[in-house]
Amino acid sequence: MASRSIPLLTTDDSGRWEAQLRKGALEMAALASLTNGPLYGLEILRFLEQHSRLVLAEGTIYPILSRLKAEGLLTSEWIEADAGHPRKYYSLTPAGRRRLRAMAEAWFDFSRGLSNLLKPVLSKEV
Amino acid sequence: MNTAVPDPQIEQYLLSLGAHLAPMTLAEREDTLREIAAHIQDSMAESGESVATVIARLGSPEDLAPQYKEGLILRRASRSFSPLLLLRATLRYASKGVVGGLAFFLGLLGYAAAAGFVLTALMKPMFPTQTGAWVANGHLFFFGTMLYPPQPPAHDVLGWWYTPIALAIGSLFGVITTFAIRAFLRLSRGWQNRLVSDRHTALSRAI
């Protein structure tokens, strides 16, 4: 059950493992990029590029935004811009804010534990 | 789409993406394509790069479209009443584990029972002597349609009531199965989330 969501423990193919990890993290990162107000897709991408090296193909952000919106964590609005075409701006819903907070807490717990576990791995020269 | 798309490469890309997004509703698809078109134009204006570069960074339509579909079936199914869609959604879980397989099997059984009762309800007017609920020696002997009706002491206890009663039981099976699958789908999404966070906390506690 739910093996897809626990790539850490079930996948032996490290390439796929990393892709899954990125994808999971990207959802959280997309939510996090909107904490200071609405942004459109390209702005979210640039924000993520500046603050992390998460995104591989730029297109991947859009399905994630669409899924988060379907789950009620984001809302979107088309806003007319100087560019000559409107842009789709995303913002966090109250549920999105709560989820992001819960994710951030779980993330820090998790990464602290994992860092402790992995420290000896890197300090030991192979 | 209100923005002019002057470049044949962009047009080709959007056309191909649109074709791969078939399971979406028309409105969702239009919205998605408009968003991607805006991205391409903005990205070109911002970086001064060629269409080909910007499109290459987006990823191919074949790679991008399936990412939209992910979760679409499950999401739509947990709000749907269509047996086909619901069973398809449980089938997704069936490929992932025993619980999903069991849910699919029970769902199939539930709908089969529903269809069976409804079918025999319709058979009653056509084959009145072969369809019924026969009781022998105080317990139910057979319910449904038989090629050769049972001999006495077995006797039909429902008569023409058979049709409404079989219809009611069939509908009940259908409704219960539908809501059971919907509940299962909603629960499993919750489980997935909780399972992951449980493992996280368990893991960080263990360390």
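The secondary structure of chain B comprises eight helices and three strands. The model is predicted.

Colleague: In what order do the elements of chain B run from the N terminus on?
Modeller: Chain B has eight helices and three strands. Read from the N terminus, the order is α-α-α-α-α-α-α-β-β-β-α.

Colleague: Is B:Ile40 buried or exposed?
Modeller: B:Ile40 sits in helix H2 of chain B, residues 26-47. A residue needs 20 or more other C-beta atoms within 10 Å to pass as buried. B:Ile40 has 21 such neighbours, so the residue counts as buried.

Colleague: Which residues does B:Ile40 contact, leaving aside neighbours within four places in sequence?
Modeller: Contact here requires C-beta atoms within 7 Å. With that cut-off, the partners are B:Ile10, B:Val54 and B:Ile55.

Colleague: Are H2(B) and H3(B) roughly parallel, roughly perpendicular or oblique?
Modeller: H3 of chain B spans residues 51-58. The two axes come within 10 Å and cross at roughly 125°. Roughly perpendicular ends at 115 degrees, and roughly antiparallel begins over 145. The angle therefore makes H2(B) oblique to H3(B).

Colleague: What classes of residue make the contact of H2(B) with H3(B)?
Modeller: H2(B) brings B:Ile40, B:Ser43 and B:Met44. H3(B) brings B:Val51, B:Val54 and B:Ile55. Ile, Met and Val count as nonpolar. By class, that gives five nonpolar, one polar and no charged residues.

Colleague: What is the handedness of the crossing of H2(B) and H3(B)?
Modeller: The axes cross at roughly 125°. The crossing is right-handed.

Note on methods: Residues numbered from 1 in each chain as written. Chains lettered and ligands numbered in written order. Predicted model: local features only at pLDDT ≥ 70, side-chain atom pairs only at ≥ 80, totals over all residues. Helix = DSSP H or I, 4+ residues; strand = E, 2+ residues; numbered from the N terminus. Buried ≥ 20, exposed ≤ 12 C-beta atoms within 10 Å, placed from the backbone. Contact = placed C-beta atoms within 7 Å. Axes fitted to C-alpha atoms, helices over the stretch in contact; angles between N-to-C directions. Parallel < 35°, antiparallel > 145°, perpendicular 65-115°, else oblique. Left-handed = near helix turned anticlockwise from the far one by under 90°.
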